[in-house]
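Subject: Structure for your files

Hello,

Here is the structure I said I would send. Please open it alongside this message; my notes come after it.

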Amino acid sequence: MSAAIELRDVFRVHSTPEGDAAALQGLSLQVADGEVLTVLGPSGSGKSTLLRLLAGLDRPSAGVVRVYGEDVGKLPSRRLARYRSTLLGYADQHYARALAPELTARDLVALQLGLRGTSRTERFARADELLERVGLAAKRDRHPTELSGGEQQRVALCAALAHRPKVFLADEPTGELDAATADQVYAMLNELVREHRCTTVIVSHDPESARIADRIVRIRDGRVSEEWARDGESSDTIVVGRGGWLRLPEELLLRAGIGAKATARFEDGGVVVTPVGEGPQQVSDTARVSDTPSGPVLASAKGLTRRYVETVALRPVDLELHAGRLHAITGPSGSGKTTLLHLLAGLELPDAGTITVGGVELTSLDRTARAALRRAQIAYVGQQAGLVPHLSALENVELVLALRGIKSGGGDGGRLAALAALESVGLGERATQRVARLSQGERARVAIARAVVSKPRLLLADEPTSRLDGANAISVAILLARLARDTGAAVACATHDPLVIEQADSQISLS
């Protein structure tokens, strides 16, 4: 089969006042016509940058990006716009950007077809078909604000596929979906892209995305490091780059006890790599934070309900959040997890029921008093990071301390506290990098560090690991559990991630 997509020796370097940051470092990749490719890799490996180059939203610093004969990196603006509107379907991580709030789900899915002159009957029939496939037929007349985050994500996917694109690009297409809904979306994607022989590139940190792929590649440090066919009988193939560059899987290095240095020698027709010096300390990915006794109730809710016009967002809920405990709030997409967190944070008021935080009945307070209580006792990590893009990661965390009037020992105490928070989420080396230059997974971790640094009594996190690879998700889950244990905070996470649920002390299920 001919190559529909070709990237050759592609570099993408972001120049900032803090220095140059290389997102891609000589990446080469081909995708055959009609092939479904899954690109796996950890947060910050260059996955989203790869898709942005293919979509023409960014241009390479060096190298060639070619899609069906078009040198996308050199297309003039008018031809680039035509390429995006006719050839391409693109589902961004920031799905909310594609959803105009004044349009219904049905209108949003039909929009691209309408812009191409498709008749009203035909475009709405197509929209209804796609919404039916993702389980949203009954909600086709609702606006984005009346849908959950997972439901919005499914609408955005349908909108990207409605016009039957020749190339489909998806960035973490199931990042905020529960397992059952993710299975449904993967099945839909598999059917649609194969029905129309759509050349597809899906980037993800979720290994489940490989189920629908013909081929899987893994990228690390801005290069392709491994590749394999989904049904292939041979083991994963390590890619050797120019100059003999290769990257060994971390699990192999760990099992071999290889740390910072190693030797390599030719032996019996192969290359043998041997550790030099002290190897890494083996750490169990599933290390469980030690059980802690249940502390006092820091927050409670009784009979909470919330409705938006005709939509029931939250059915009656009773709960207690104990000090020193990590509580996992679980349930399918649309069950009200985000709504519940908004109510607990005082960002919205319930239609019925009461909420008490730190002995204060939050639901009896006016807006100003709720904001004061939130500033003093509550930290909230939303699905969207909400960071200031032109500030560094460190400055974003310091800003929270300044706004809350928290002083940490005077002098550079605040900066040291902010650095410690970033270190705790694995971003110490990226502290001075502007947020606009960080990957989505890195931004999610900055948002967590920003919440942790103020040492809140109640920490609420909405899908805190949805954009993180497995290793970082485990680290964040353990971090949140340890934060609860060490500071005595009550931590509540809305999640469908089994790694977070595994670390939780209790589980609150919504239906």
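This is a predicted model: local features need pLDDT of at least 70, side-chain atom pairs count only at pLDDT 80 or more; totals for chains, interfaces and linings use all residues.

Whole chain

The chain has 511 residues, and for that length a compact globule would have a radius of gyration near 24 Å; the chain has 24 Å, so the two agree. The C-alpha trace spans about 70 × 65 × 45 Å along its principal axes. In secondary structure, the chain holds 22 strands and 14 helices. Of the 511 residues, 49% are buried. I also looked at contacts between residues at least 6 apart in sequence: 68% of them join residues at least 24 apart.

Helices α10 and α12

Two packed helices are described by the angle between their axes and the distance between the axes. How do α10 and α12 pack? Helix α10 covers residues 393-403 and helix α12 covers residues 440-452; their axes are 8 Å apart, at an angle of about 30°. Angles under 35 degrees count as roughly parallel, so α10 is roughly parallel to α12. The crossing of α10 past α12 is right-handed.

Which residues make the contact? From α10 they are A393, N396, V397 and V400, and they meet V446, A449 and R450 of α12. By type, the residues of this contact comprise 5 nonpolar, 1 polar and 1 charged.

Regards

Conventions:
Residues are numbered from 1 along each chain as its sequence is written. Side-chain values use heavy atoms; hydrogens and water are left out. Axes are lines fitted to C-alpha atoms, for helices over the stretch in contact, and angles run from 0 to 180 degrees between N-to-C directions. Helices (H or I, at least four residues) and strands (E, at least two) are DSSP runs, numbered from the N terminus. Angles under 35 degrees count as roughly parallel, over 145 as roughly antiparallel, 65 to 115 as roughly perpendicular and the rest as oblique. A crossing is left-handed if the near helix is turned anticlockwise from the far one by less than a right angle, and right-handed if clockwise. Contact means heavy atoms within 4.5 Å. Ala, Val, Leu, Ile, Met, Phe, Trp, Tyr, Cys and Pro count as nonpolar, Asp, Glu, Lys and Arg as charged, and the others, Gly among them, as polar. The radius of gyration is taken over C-alpha atoms; the globule rule is 2.2 Å times the number of residues to the power 0.38. Buried means under 20% relative accessible area, exposed over 50%, partly exposed in between (1.4 Å probe, protein chains only).
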